[in-house]
Amino acid sequence: MFIDEMKLTENVVRNFRVAKIFRENTDKITSIDFSSNGETLISSSDDDSIVIYDCQGGTPKRTLNSKKYGVDLIRYTHAVNTALHSSTKVDDTIRYLSLHDNKYIRYFPGHTKKVVCLCMSPISDTFLSGSLDKTIRLWDLRSQNCQGQMQLPGRPVATFDPEGLIFAAGINSECVKLYDLRSFDRGPFATFKLPQDKDCDWTGMKFSPDGKLIVVSTNGQVIRLIDAFQGTPLQTFVGHTNTKGIPLEVSFSPDSQFVFSGSTDGRVHCWNTESGAKVATMSCDHPGPVQCVGFNPKYMMLATACTNMAFWLPYIDE
């Protein structure tokens, strides 16, 4: 299933083709996450199921159900056999799940409205959550008690940098604040104000793998790329469609060269982070909006999802 030892270029991106389509779900897939070793992919769906895929074999490995609490924003922890997820039913508690025996290890109560971002530290047991209750909370997997809380004026998005030393918070869809994890209670050490998008809200934020860029995704037809150190706007990516106000996921390639996004027309779009130019519009048999897009951190493979999951590989013409 894998193609290894290959450099990602614009030409390689244009040659990506769907290698496998999975129809494990009966409702839309709402989040995906690759394991850090690139060997498995985990997904959550509105049908209350968690599906784990074997990336090497290109097969669905296991399906777990979360009928009682529902499941969204699924994230691997540092152990491949455990994951965190937010809830869609009962309450807005975050749940820590053992995938091995489908039992909950711990609950993290506190948020009073829907959790809209969940991010695991790349280096420790710390994780961040942001909610429509206008708070960002900092947690440790080992304790159900919140380690820190920030009250915000609006909907938050938040993410860790690749070294796990700082985190970025996007506030009110207009400014990005950077915090040192060890002293975040002292306030941000940098604040960047961006031009406000009148027709949409920020719905996601990610650092590039090299830590130099931050991409801000929205529920509209615009994606912003800024310099992670100065906050300078670098690129505005457009050309994908989002007519339904969906929080479309945006992902970097592992070399930070490219940005991928889904689209409500079922296609996948790719831009060059340096030039801002559109590299490819990739068509697939996605019958619905492509909400989830992720690039495997270790292997030359892209995953995209609507109600179906698609694995993409570069097609090499021998």
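Let's start with Phe 16, which touches Leu 8, Met 282, Phe 295, Met 300, Met 301, Leu 302, Trp 312, Leu 313 and Pro 314, leaving aside residues up to four places away in sequence. Keep in mind as you look around that this is a predicted model.

Phe 16 belongs to the largest nonpolar core, a set of 19 residues. Along with Phe 16, the members that touch the most others are Leu 8, Val 13, Phe 260, Met 282, Leu 302 and Trp 312. Who supplies this core? Helix 1 (10–14), strand 23, strand 24 (268–272), strand 25, strand 26 (292–295) and strand 28 (309–314) each put in at least two residues. Strand 25 gives the most, with three. Apart from this core lies another one, made of 16 residues, including Leu 128, Ile 136, Ala 158 and Ala 169. As a general point, nonpolar side chains tend to be buried together in soluble globular proteins.

To spot one of the partners, look at Phe 252: its bridge partner in strand 23 is Val 259.

Now hop back to strand 2 (residues 29–34). Is this strand mostly covered or mostly open? Mostly covered: five of its six residues are buried. Strand 2 runs antiparallel to strand 3 (residues 40–45), and five bridges join the two. Ile 32, for instance, has Ser 43 as its bridge partner in strand 3. Together, strand 2 and strand 3 form a hairpin with five residues between them. In the turn, have a look at Gly 38, which has a positive phi of about 75 degrees.

Next up, the aromatic rings. How many aromatic pairs does a search of the whole structure find? There are 16. Take Tyr 96 and Phe 108: their ring centres are 6.4 Å apart and their planes meet at 35 degrees, so this pair counts as tilted. The pair links distant parts of the chain, with Tyr 96 in strand 8 (residues 94–98) and Phe 108 in strand 9 (residues 103–108), twelve residues apart. Tyr 96 counts as buried because its relative accessibility is 12%, and Phe 108 counts as buried too, at 0%. Follow the ring pairs along and you get a cluster of Tyr 96, Phe 108, Phe 127 and Trp 139.

Finally, what about the cysteines? The structure holds zero disulfides. Cys 146 is in none, and the nearest cysteine sulfur, that of Cys 117, is 13 Å away. Cys 146 is partly exposed, with a relative accessible area of 27%. Cys 284 isn't in a disulfide either: its nearest cysteine sulfur belongs to Cys 306, 7.3 Å away, and a disulfide would need the two sulfur atoms within 2.5 Å. With a relative accessible area of 18%, Cys 284 is buried.

Note on methods. Residues numbered from 1 in each chain as written. Predicted model: local features only at pLDDT ≥ 70, side-chain atom pairs only at ≥ 80, totals over all residues. Heavy atoms only, no water. Buried < 20%, exposed > 50% of the residue type's maximum accessible area, 1.4 Å probe, protein only. Helix = DSSP H or I, 4+ residues; strand = E, 2+ residues; numbered from the N terminus. Pairing = 2+ DSSP bridges. Core = buried A, V, L, I, M, F, W, Y, C linked by side-chain atoms within 4.5 Å. Contact = heavy atoms within 4.5 Å. Phe/Tyr/Trp six-rings, centres within 6.5 Å; stacked < 30°, edge-to-face > 60°.
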